[in-house]
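Please read the following report alongside the sequence and the coordinates.

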Amino acid sequence: TMGNCNVKETDGTSGSGNDDSDLDAKKFVDYSRPGINDRFPNIAGTTQDSDDFDLYDYVGDSWCLLFMHPGDFTPVCTTELGAIAMRESEFSERGVKLVGFSCNDAESHRHWIKDIKAATRATVSFPLFCDPDRSNATWLGIIDKKNRNDEGLPLTVRSVYFIDPSKTIRFVIAYPASTGRNITEIIRAIDSVQIGEKHSIATPVDWEKGDKVMVNANMTDLEAEEKFGKKKIEVIKVPSERNEDGLQKHYMRYVNDPSMN
């Protein structure tokens, strides 16, 4: 299934006569990239270790971090996969399964994994999905139409999808091919989503686990007091609320990180 991805293929008759015309005939042009709160569509195919990989079966009832790479044997991707592999236990502690995605075949992936180990001293043991013809990348809408590889094929955007056990996308991060991802920030965002869902809180700017969090904006003061305890809520006084008699909900409310209890 393709979820919310609307797939439409061109017939190649609208080419402009430049070098892109042959490629245009093969591209999907109606990109409906899955976003936050969309169900991530299942992908099935090959990895470095399996010919019948199924994303939904692999993830099961776990959370999933799916991260796309422009291609094998690329320097930035090599550092990223090494860093993720070295921190795999941190994802496991959070109930998160890892899946990589790169536009090459299984044999290429296996050789690349050896390079990753040599360059970063990390062993990639999680699945690395194969998409050599870019068919999955295209209907997922993660093709960078301007950046090409040596064969002239478009690179994929450096996208990250964090998917919950119901296969709903909880956050999306996209980087250009030239910019490596910040794994610490990805883990921070995972913590925010998981703690927020469990405890009905939000996390402020630059929050890190253990810092104070914010009461959800849709929760009244009475509801917040019942959940967290009146004495444990810090209300920040702001001018817009100064003369509001009978206000049922202040919007700047902090509590201690409930996940640390």
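The model is predicted: local features need pLDDT of at least 70, side-chain atom pairs count only at pLDDT 80 or more, and totals for chains, interfaces and linings use all residues. Residues are numbered from 1 along each chain as its sequence is written, and side-chain values use heavy atoms, with hydrogens and water left out.

**The five-stranded sheet**

Helices (H or I, at least four residues) and strands (E, at least two) are DSSP runs numbered from the N terminus. An open sheet is formed by 5 strands in the order E5-E4-E3-E8-E9, with mixed pairing; two strands pair if DSSP finds at least two bridges between them. E5 and strand E9 (169–175) are the edge strands, each pairing on one side only. Direction ignored, neighbouring strands of this sheet are turned by 20° against each other on average. E3 and strand E8 (residues 158–163) run antiparallel and are joined by 4 bridges. Leu 65 stands opposite Phe 162 in E8.

Two helices lie across strands of this sheet. H5 lies across strand E4 (96–102) and E5, at about 150° to E5. Helix H7 (residues 183–199) lies across E3, E4, E8 and E9, at about 160° to E9. Axes are lines fitted to C-alpha atoms, for helices over the stretch in contact, and angles run from 0 to 180 degrees between N-to-C directions.

**H3 against H5**

The axes of helix H3 (residues 75–86) and helix H5 (residues 106–120) come within 9 Å and cross at roughly 75°. That makes H3 roughly perpendicular to H5, a term for angles of 65 to 115 degrees. On the H3 side the contact (heavy atoms within 4.5 Å) is made by Cys 77, Thr 78, Thr 79, Leu 81, Gly 82 and Met 86, and on the H5 side by Trp 112, Ile 116, Ala 119 and Thr 120. By class, this contact has 6 nonpolar, 4 polar and no charged residues. Ala, Val, Leu, Ile, Met, Phe, Trp, Tyr, Cys and Pro count as nonpolar, Asp, Glu, Lys and Arg as charged, and the others, Gly among them, as polar.

**The four-stranded sheet**

Another open sheet has 4 strands in the order E10-E11-E13-E12, with antiparallel pairing. Strand E10 (201–202) and strand E12 (234–235) are its edge strands. Helix H8 (residues 221–228) packs on the sheet and touches E10, E11 and E13, its direction making about 5° with that of E13. Strand E11 (residues 213–215) and strand E13 (residues 253–255) are joined by 2 bridges, and Met 214 has Tyr 254 in E13 as its bridge partner.

**Single residues**

His 69 is found in strand E3 (residues 63–69). Its side chain makes polar contacts with the side chains of Glu 80 (3.4 Å) and Arg 181 (3.3 Å). A polar contact is a pair of N or O atoms within 3.5 Å; within protein, one must be able to donate a hydrogen and the other to accept it, and residues adjacent in sequence count only if both atoms are side-chain atoms.

Buried means under 20% relative accessible area, exposed over 50%, and partly exposed in between (1.4 Å probe, protein chains only).

| Residue | Relative accessible area | Class |
|---|---|---|
| His 69 | 0% | buried |
| Arg 134 | 7% | buried |
| Gly 229 | 25% | partly exposed |
| Arg 121 | 80% | exposed |

Arg 121, in the loop between H5 and strand E5 (128–130), has a positive phi near 65°. Arg 134, in the loop between E5 and helix H6 (135–139), has a positive phi of about 65° although it is not a glycine.

How values were computed: Parallel < 35°, antiparallel > 145°, perpendicular 65-115°, else oblique.
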